[in-house]
Amino acid sequence: MKSIGYDKPLFVQPFDHRGSFTKKFFQLAGAPVISATQDQRSNIAEVKMLIYRGLLRAIEMGVPRETVGILVDSEFGNQVHLDARAQGINRSVCVEKSGQKLFDFEYGSRWQDHLRFVDPDIVKCLVRFHPKDDPVANREQATRLRMLSDFIHASNDAYLMFELLVPALTAEEAAMGSRYDTEVRPQRMIEAIHQLQDFGVEPDIWKIEGLETREQATAVAAATRRGEERSRVGNILLGRGSNKEQVHKWLAVAAPVESYIGFAVGRTNFAQPVKEFIADPSKEEAAIETIAANYKGCVDVWQAAKG
């Protein structure tokens with residue numbers, strides 16, 4: 001079994017959104033594989049490729065290739081995966097079923113076969129996990145995640161990226177509004193990380209929601225690196241679809257903390273240019289340039305704050 005952790009710089013462009021992506025940009029409800037026509041599926045794949053082309057443009061603009069990562073589904077992003085492999089770009093693929101409250105595998109009992117077929121560099125799972133939620137539900141999720149973690153770590157050529165979301169659970173937490181995110185969620189994240197680690201779930205990379213203060217970022221980092229065996233575990237900040245100013249603030253807060261190795265910022269970078277391209281395909285090149293500039297802007301903020 002390989003050691004746990006990934007500590008190299010990693011700036012990820014995530015566009016693995018499926019149900020939310022097709023609903024927001026193509027007004028398709030339900031599972032895309034069922035509701036989309038062949039023409040619609042081709043259009044969705046074209047937009048995914050457009051986002052990827054923005055990333056290639058960012059490399060031309062000076063972002064080091066070895067730090068660049070993509071996170072895209074194989075349902076609509078298979079061509080992206082093939083090209084990124086040829087280009088030597090770090091590839092991540094999602095394994096969770098889209099839009100589920102409890103984590104489950106997208107391809108059911110064949111999830112391992114799917115990962116062998118795609119052969120990604122990194123396997124990403126998105127999980128909604130509140131440490132004080134129903135213990136039975138939490139244990140059910142943790143059991144599946146332990147299977148995933150054990151499978152990844154039995155391999156020598158893939159890493160596990162864990163996107164942890166800790167939404168408000170109780171009526172009291174929900175009533176706090178934004179104060180839940182700034183005052184309560186950081187501690188709930190630490191509790192969730194500890195619970196998952198104690199169950200045997202061992203991500204190489206934690207994908208962490210934005211934090212408001214350096215102290216919060218440091219405390220979460222200490223949780224992800226709890227114990228000597230986790231000393232190489234990396235953390236990346238996710239954008240949550242927030243506006244550029246907020247995302248840049250989160251990046252600047254986390255970057256100086258040693259275990260934070262980069263970010264995964266998606267919709268903040270591509271949502272508006274994608275909308276404009278869909279409305280007017282003649283804006284293709286402009287959309288690519290905007291996506292590239294937005295992504296590189298995140299890299300520049302990160303590197304400046306990292307020092």
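**Exercise 1.** Determine how the residues lining the largest cavity divide into nonpolar, polar and charged.

*Solution.* The model is predicted, local features need pLDDT of at least 70, side-chain atom pairs count only at pLDDT 80 or more, and totals for chains, interfaces and linings use all residues. Residues are numbered from 1 along each chain as its sequence is written, and side-chain values use heavy atoms, with hydrogens and water left out.

Step 1. On a 1 Å grid over the protein atoms alone, a cavity is a set of points where a 1.4 Å probe fits but cannot get out, and lining residues have an atom within 4 Å of a point. The count is 1 cavity of 30 Å³ or more, and the volume of the largest cavity is about 60 Å³, taken as the space filled by probe spheres set on the points.

Step 2. Its lining consists of Arg 18, Asp 73, Ser 74, Glu 75, Val 93, Cys 94, Glu 106, Tyr 107 and His 114.

Step 3. Val, Cys and Tyr count as nonpolar, Asp, Glu and Arg as charged; the lining has 3 nonpolar, 2 polar and 4 charged residues.

**Exercise 2.** Describe the span and bend of helix α8.

*Solution.*

Step 1. Helix α8, a DSSP run (H or I, at least four residues), covers residues 178–199. From first to last C-alpha its 22 residues reach 30 Å, close to the 32 Å expected, which is 1.5 Å times one less than the number of residues.

Step 2. At Val 184, shortly before Pro 186, α8 has a kink of about 55°, the angle between axes fitted to the seven residues ending there and the seven starting there.

Step 3. Just after α8, Gly 200 has a positive phi of about 100°.

Conventions
On a 1 Å grid over the protein atoms alone, a cavity is a set of points where a 1.4 Å probe fits but cannot get out, and a pocket is an open set with protein on both sides within 12 Å along at least five of seven lines; lining residues have an atom within 4 Å of a point. Helices (H or I, at least four residues) and strands (E, at least two) are DSSP runs, numbered from the N terminus.
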